[in-house]
Amino acid sequence: MSMSACTATCRANFKLTALKDITNYQGIQVERTNFGSFLLNQSAYIRKIAESFGVDKAKPSKISMDPAWISERERYQSLVGALLYVAVGTRPDIAIAASILGRKVSQPSEADWIEAKRTLRYLTTTADLKLEFGGTGELEGFVDADWPGDKADRQYNSGFMFKLGDGAISWAARKQQCVSLSSTEAEYVALSEASQKLLWLTKVVPDVDEDVIKPVVMHEDNPSCITMLSSTGGRSRRAKHIDTRFNK
């Protein structure tokens with residue numbers, strides 16, 4: 001339907017009021033050309049946000065994005081992949097650093113680059129450290145959680161390590177899948193996740209001719225969490241809102 005036909009139809013059904021040509025619509029400037037077309041731009045809005053972020057007087061750029069940014073992102077991904085490989089293989093001491101850095105691989109910032117290189121510099125400084133593996137002794141676990149964790153989504157990090165005698169045999173550091181409301185809850189969730197790994201280890205360790213002396217000692221440093229588990233088994237009123245997966 002042509003514009004004139006559309007206007008005629010509207011006039012037949014509605015009372016129309018003729019207004020001047022539109023010049024601005026929600027921050028978009030509108031300009032009619034001599035050929036009946038329209039030109040749109042958001043120069044006023046662009047200058048406004050430039051001023052808000054303090055770049056209104058910055059050096060002009062002739063390109064919208066540095067082509068090297070993509071390659072820089074790939075280099076960051078490569079570095080984080082290398083750090084994760086080291087963390088999983090022989091260096092549990094960088095497990096949490098590699099885990100946090102790995103969450104930024106899609107859009108790494110300059111701050112992420114700085115911290116990734118810091119982790120690499122730490123590895124360079126401690127490159128001769130060795131992970132003891134083997135020996136005999138009891139199976140025991142160490143559990144911890146940070147609080148308040150990542151302030152962006154309020155999800156905290158869990159970490160655990162299991163030793164058989166003097167040697168570390170299993171470890172991990174990862175973001176929790178729920179939001180804890182206190183350090184007690186964060187430690188409780190970390191213990192639950194570590195206990196799942198422990199159940200698997202109690203089945204695997206005998207396969208390498210090592211005995212598992214039960215009960216297995218789990219080291220936890222949060223007194224409130226220990227008290228809650230000792231007195232109520234984790235089923236107290238203050239913990240009833242925690243997902244059932246952690247209360248099994």
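Two aromatic rings of Phe, Tyr or Trp, the last represented by its six-membered ring, are taken as a pair if their centres lie within 6.5 Å; planes over 60 degrees apart count as edge-to-face. Under this criterion, a search of the whole structure, which is a predicted model, returns two aromatic pairs. In one of them, formed by tyrosine 76 and tryptophan 113, the ring centres are 5.6 Å apart and the planes stand at 75°, so the arrangement is edge-to-face. Tyrosine 76 belongs to helix H3 (residues 68–89) and tryptophan 113 to helix H5 (residues 110–125); the pair therefore ties together parts that are 37 residues apart in sequence. Both tyrosine 76 and tryptophan 113 are buried.

Helix H5 also contains aspartate 112. The relative accessibility of aspartate 112 is 9%, and this residue therefore counts as buried. When neighbours within four places in sequence are left aside, aspartate 112 is in contact with Tyr76, Leu101, Lys104 and Gln107. Tyr76 is thus a contact of aspartate 112 as well as the ring partner of tryptophan 113.

The strands were examined next. Four of them form an open sheet of mixed pairing, in the order E6-E5-E4-E7. Its edges are strand E6 (167–175) and strand E7 (217–219), each of which pairs on one side only. Neighbouring strands of this sheet are turned against each other by 15° on average, direction ignored. Strand E4 (residues 139–145) and E7 run parallel and are joined by three bridges. Glycine 141 has methionine 218, in E7, as its bridge partner.

Two helices contact strands of this sheet. Helix H6 (residues 183–204) packs on the sheet and touches E4, E5, E6 and E7, its direction making about 150° with that of E4. Helix H4 (residues 95–102) lies across strand E5 (157–164) and E6, and runs at about 30° to E6. A further side-chain arrangement involves lysine 197, which is placed over the face of tryptophan 200, at 4.8 Å from the ring centre.

A separate description applies to strands E1, E2 and E3, which form an open sheet in the order E1-E2-E3 with antiparallel pairing. Strand E1 (24–25) and strand E3 (38–41) are the edge strands, each pairing on one side only. Strand E2 (residues 28–32) pairs with E3 in the antiparallel sense over four bridges. Within this pairing, leucine 39 in E3 is the bridge partner of glutamate 31.

The largest nonpolar core comprises 20 residues, of which Leu139, Val143, Phe160 and Phe162 touch the most other members. At least two residues of this core are supplied by each of E4, E5, H6 and helix H7 (223–232). Among the core residues, leucine 139 touches Phe162, Lys163, Leu164, Ile169, Leu198, Leu201, Val212, Val216 and Val217, residues up to four places away in sequence not being counted. A second, separate core consists of eleven residues, including Val80, Leu83, Ala87 and Ile94.

Notes: Residues numbered from 1 in each chain as written. Predicted model: local features only at pLDDT ≥ 70, side-chain atom pairs only at ≥ 80, totals over all residues. Heavy atoms only, no water. Pairing = 2+ DSSP bridges. Axes fitted to C-alpha atoms, helices over the stretch in contact; angles between N-to-C directions. Contact = heavy atoms within 4.5 Å. Phe/Tyr/Trp six-rings, centres within 6.5 Å; stacked < 30°, edge-to-face > 60°. Buried < 20%, exposed > 50% of the residue type's maximum accessible area, 1.4 Å probe, protein only. Lys NZ or Arg CZ within 6 Å of the ring centre and 35° of its normal. Core = buried A, V, L, I, M, F, W, Y, C linked by side-chain atoms within 4.5 Å.
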